[in-house]
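Here is a short briefing on one protein chain. It is meant to be read beside the sequence and the 3D view.

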Amino acid sequence: MSNIKDKVVVLTGASSGIGESTAKVLAAKGAKLVLAARREDRLKSLQDEIQTSGGQAIYKVTDVTSHQQMEELAAFVLKEFGKIDVLVNNAGIMPQAFLSENKVDEWDKTIDVNIKGVLYAISAIVPFMRERKSGHVINLSSVAGHNIFPGETVYCGTKFAVKAISEGLRQEEAISDTNIRVTNISPGAVNSELLETTTDPTMKAGLEEFYQVAIDADNIARAIAFAIEQPSDIAINEMIIRPTVQVG
């Protein structure tokens with residue numbers, strides 16, 4: 001029997017890409033999915049698909065940049081299921097441009113989604129895991145959280161932050177004896193809608209060329225499932241997953 005069966009999994013950024021694929025993979029293994037994103041039409045369609053296939057899924061329209069909405073999401077999950085076993089912090093954006101382009105609004109939005117969104121989810125959900133002395137937080141960083149690339153400076157900064165937050169949370173929960181596991185997953189090029197968040201035409205053209213080698217989001221979804229499936233006394237703390245031919 002899968003160690004995923006009947007676990008309540010909160011998944012941000014669930015409306016497309018890695019989030020959508022992860023929802024389908026985990027639902028097929030018996031998880032109870034709580035889908036969170038901003039696009040209700042996408043969430044409803046995914047919920048219907050999962051339920052038609054015999055899985056369990058509910059959704060709540062949520063903007064991860066709002067601490068209040070993240071707290072409302074946590075309350076919603078507890079009302080529906082009475083517990084939260086796994087949080088998958090997947091929501092993210094990837095605007096890219098040289099710092100000299102001075103895209104300050106994009107910097108702010110990237111920080112709000114990629115860093116604050118992760119922290120707000122941790123703030124809203126981890127306290128309930130600590131009460132139960134059980135839980136698993138999975139954060140989606142990036143290869144850009146390990147390497148710096150020209151034009152990706154702010155994005156890299158946010159993903160380095162996610163990696164640091166993951167390791168800090170891991171250590172804090174380990175010394176607090178809460179039995180909360182923490183996993184940081186750093187994908188390389190993956191087919192998703194991330195490219196659409198880059199508005200700089202030169203950077204977007206370069207990304208589209210680079211992403212010719214991108215792997216399907218299902219590959220990351222299976223890695224997430226692998227981390228969850230381990231016995232509770234084992235934590236998969238770090239995974240870097242690239243296409244075989246990706247260099248950087």
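The points below cover the sheet, the helices packed on it, and one phenylalanine.

This is a predicted model: local features need pLDDT of at least 70, side-chain atom pairs count only at pLDDT 80 or more, and totals for chains, interfaces and linings use all residues. Residues are numbered from 1 along each chain as its sequence is written, and side-chain values use heavy atoms, with hydrogens and water left out.

**Sheet**
- Seven strands form an open sheet in the order β3-β2-β1-β4-β5-β6-β7, with parallel pairing; strands are DSSP E runs of at least two residues, numbered from the N terminus, and two pair if DSSP finds at least two bridges between them.
- β3 (56-61) and β7 (238-241) stand at the edges with a single partner strand each, so one side of each has no neighbour in the sheet.
- From one strand to the next, the twist averages 15°.
- β1 (residues 8-12) pairs with β4 (residues 86-89) in the parallel sense over three bridges.
- Val10 stands opposite Leu87 in β4.

**Helices on the sheet**
- Helix α2 (residues 40-52) packs on the sheet and touches β2 (32-37) and β3; contact means heavy atoms within 4.5 Å.
- The direction of α2 makes about 170° with that of β3; axes are lines fitted to C-alpha atoms, for helices over the stretch in contact, and angles run from 0 to 180 degrees between N-to-C directions.
- Helix α7 (residues 218-229) lies across β4, β5 (135-140), β6 (180-187) and β7, at about 160° to β6.

**Phe128**
- Phe128 is found in helix α4 (residues 104-132); helices are DSSP H or I runs of at least four residues.
- Phe128 is partly exposed, at 30% relative accessible area; the term covers values between buried (under 20%) and exposed (over 50%), with a 1.4 Å probe and protein chains only.
- Not counting residues up to four places away in sequence, Phe128 touches Ala74 and Leu78.
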